[in-house]
Amino acid sequence: ESSLKDKSVEVNRPEAGSGCPMEGKPSTSVEDGCPVRQGKYKNSNQYNVYSQVIDPRNQMPSQANQQQAPSQQHPLSTDRVKSHIPKGGTDDDTWAYPSPQMFWNALVRKGKSDGATERDMDTVVAIHNNMNENTWQQVMAWESLHPVTEEGREPKLLRFMGRPDELSPKAWLKTIFGHPAPFDRHDWIVDRGGQEVRYVIDYYHDESQVNRDKLPNLSDPNAMHSIFVDVRPAIDTPEALADRAFRMPLAQVKGNSIYNPPPFFAPAKLLTAEKTRVAEINAMWEQIKTKCEKEKSALSTCDSEEKCGAAAVALQRCNASIICPSVVADFDRFVQAKPVDSEKVQAAYSAMSECLESFEVECRHRK
């Protein structure tokens, strides 16, 4: 998991020739006329959520987009929650989590809004924030192997990047032994008092634990059972290799660490639940092929905009009747009601479309 992009470097070294030359041992006496004040360390750079260096006075070049996205149908909160994760380049500030509006805008910008809905954003953001807090606790377990010897040099998160389409070497190796692939990956760059340390973080989903999940608050480590993280320093330096090969295993043996990695081999329950869900999805597709052939044919042979629109809705309804029958039952009830409430029909149709989009996303993930 080494990389040439993020090597361990020293930053913010004091420069000579600043008008107050330090010859021999620095003086700390005011009477000397040239006092040397040793201020707390602070990284000279500060980054935004896009890993861009910013001017802390105005947050430029890029400020958070809190405007509604094109085609957005429902207003979303623009409130941001402060994390407990110290922010590199600041004295004592912490990172702020994205608001539901920012999160939705990011999904739209990246073309990943299929399968997600605006109504989901409060829940999605709560889970996102909780998982990041848990991730930082695991980072700190590793950082505890390097005690802070000077005030101000405590580890801080400097910047981060998402790499969802790149399997880490460890994740790739786990898949060779039958473990499902992670659904996401992040690389976090931690400022260890002047030394940049890259952490690799894989996020996994356990279908067998979904029913145990509950909506988490910010710092609840036990709310989300179906999502777990694998956090470790990238092997970019001999020091990181020593941490992974010797220091952390020794700390665990002595019981001196809160590091809690997931097992290398997938638990039997996880594999069983995954196979069961894949079998369910395959069975649904077979039913769709058999039951919805007439609607599919009607859509392919329609000869007017009106007929094609009606055929498209009919095909959606047929597919959804297999994937999410209760949602279709609501749609049918509102369509057949007298008088027809167009707002309820539209809401039911949106729910049906969202169900189909979620199913499509799940199928892509389990290819």
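Start with helix H1 (residues 100–109) and helix H2 (residues 121–143): their axes come within 9 Å and cross at roughly 95 degrees. Axes here are lines fitted to C-alpha atoms, for helices over the stretch in contact, with angles running from 0 to 180 degrees between N-to-C directions. That makes H1 roughly perpendicular to H2, a label for angles of 65 to 115 degrees. Helices (H or I, at least four residues) and strands (E, at least two) are DSSP runs numbered from the N terminus.

This is a predicted model, so local features need pLDDT of at least 70, side-chain atom pairs count only at pLDDT 80 or more, and totals for chains, interfaces and linings use all residues. Residues are numbered from 1 along each chain as its sequence is written, and side-chain values use heavy atoms, leaving out hydrogens and water.

Who touches whom? On the H1 side, Pro 100, Phe 103, Trp 104 and Leu 107 meet Met 121, Asp 122, Val 124, Val 125 and His 128 of H2, where contact means heavy atoms within 4.5 Å.

Now for the sheet, an open one of 4 strands in the order S3-S4-S5-S6, paired antiparallel; strands pair if DSSP finds at least two bridges between them. Strand S3 (156–162) and strand S6 (227–233) are at the edges with a single partner strand each, so one side of each lacks a neighbour in the sheet. From one strand to the next, the twist averages 25 degrees.

S3 is joined to strand S4 (residues 184–192) by 6 bridges, and Leu 157 has Val 190 in S4 as its bridge partner. H2 turns up again here, lying across S3, S4, strand S5 (195–205) and S6, at about 35 degrees to S6.

How values were computed. Parallel < 35°, antiparallel > 145°, perpendicular 65-115°, else oblique.
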